[in-house]
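Please look over the fold below before reading on. The report then takes its parts in turn.

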Amino acid sequence: MRWRAGGPVLFAQEALGMPAHYDKERGTGCIDWWYAASENLVKTGRLSLRSGHGVSKSAFLAITVIWFLSCYFPTKVPCTAPTAHQLGDVLWAEIAKWLRQLQLTMPELAAQFEWTRDEFRLKDAPKESFAIARTARADKPEAFAGFHSDNMLIIADEASGIPDIIFEVGQGALSGENTFVILASNPT
């Protein structure tokens with residue numbers, strides 16, 4: 001409950017061993033904007049991240065995915081982006097990176113998860129608690145449909161490039177008890 005209330009930043013500090021403040025020389029620590037983003041996500045369930053490149057949006061999103069699967073059960077986390085590259089080479093690679101860090105800092109927690117190239121699952125309940133990567137394609141919006149759970153986190157990375165139909169289809173998943181949505185993008 002402490003991590004749930006404290007959000008992704010508290011989780012990053014306590015579970016991942018991340019310093020409370022960013023150290024430029026070492027390139028580690030919580031980025032200043034993460035605090036407001038984390039607080040807003042916990043408080044409202046909605047978050048819009050608008051920023052340029054290289055400010056650690058993908059790291060924040062990846063840590064948030066791991067935080068959510070660690071704090072809520074059952075849970076589903078559909079993640080989408082306009083390209084498979086953005087999902088696989090960026091977001092999913094970040095999830096793998098932070099899962100490796102979790103293996104060092106809290107191996108007993110990390111051992112509960114399984115990562116593959118497009119899924120991140122709770123081993124003991126793989127159909128009930130998972131994050132999944134789905135490329136946003138206007139010609140196949142149904143790929144983002146059908147997700148329902150008491151606890152949902154919907155992530156749209158590079159949201160400005162996602163077709164509107166994907167957001168329309170995704171609205172059907174917003175009926176659960178704890179539904180969170182993050183839209184992240186370079187403002188265009």
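## Basis

This is a predicted model: local features need pLDDT of at least 70, side-chain atom pairs count only at pLDDT 80 or more, and totals for chains, interfaces and linings use all residues. Residues are numbered from 1 along each chain as its sequence is written, and side-chain values use heavy atoms, without hydrogens or water.

## Sheet

Seven strands make an open, mixed sheet, ordered E1-E7-E6-E2-E5-E4-E3. Strands are DSSP E runs of at least two residues, helices are H or I runs of at least four, and both are numbered from the N terminus. Two strands pair if DSSP finds at least two bridges between them. E1 (46-50) and E3 (113-115) are the edge strands; each has a single partner, so one side of each lacks a neighbour in the sheet. The twist averages 10° from one strand to the next.

E3 pairs with E4 (residues 119-122) in the antiparallel sense, over three bridges. Phe113 has Leu122 in E4 as its bridge partner.

Helix H4 (residues 84-105) lies across E2, E3, E4, E5 and E6, at about 155° to E5. Axes are lines fitted to C-alpha atoms, for helices over the stretch in contact, and angles run from 0 to 180 degrees between N-to-C directions.

## Strand E2

E2 runs parallel to E5, joined by seven bridges. Pro78 stands opposite Ile132 in E5. E2 is also parallel to E6, through three bridges. There, Lys76 stands opposite Met152.

Seven of the seven E2 residues are buried (under 20% relative accessible area, 1.4 Å probe, protein chains only). Thr75, Val77, Cys79 and Ala81 cover one side, and Lys76, Pro78 and Thr80 the other.

## Cores

A nonpolar core is a set of buried Ala, Val, Leu, Ile, Met, Phe, Trp, Tyr and Cys residues joined through side-chain atoms within 4.5 Å. The largest has 51 residues, and Trp3, Trp34 and Phe120 are among those with the most contacts inside it. Helix H3 (residues 57-71) gives the most to this core, 11 residues.

Phe120 touches (heavy atoms within 4.5 Å) residues including Val65, Trp92, Phe113 and Phe130, not counting those up to four places away in sequence. A second, separate core has six residues, among them Phe130, Ile132, Phe147 and Ile154.

## Pocket

The largest pocket holds about 240 Å³. Its lining has 16 residues; Met18, Gly27, Thr28, Gly29 and Trp98 lie nearest its centre. H4 gives the largest share, four residues.

A pocket is an open set of points on a 1 Å grid over the protein atoms alone, where a 1.4 Å probe fits, with protein on both sides within 12 Å along at least five of seven lines; lining residues have an atom within 4 Å of a point. Points are joined across faces, edges and corners, and the volume is the space filled by probe spheres set on them.

How values were computed. Buried < 20%, exposed > 50% of the residue type's maximum accessible area, 1.4 Å probe, protein only.
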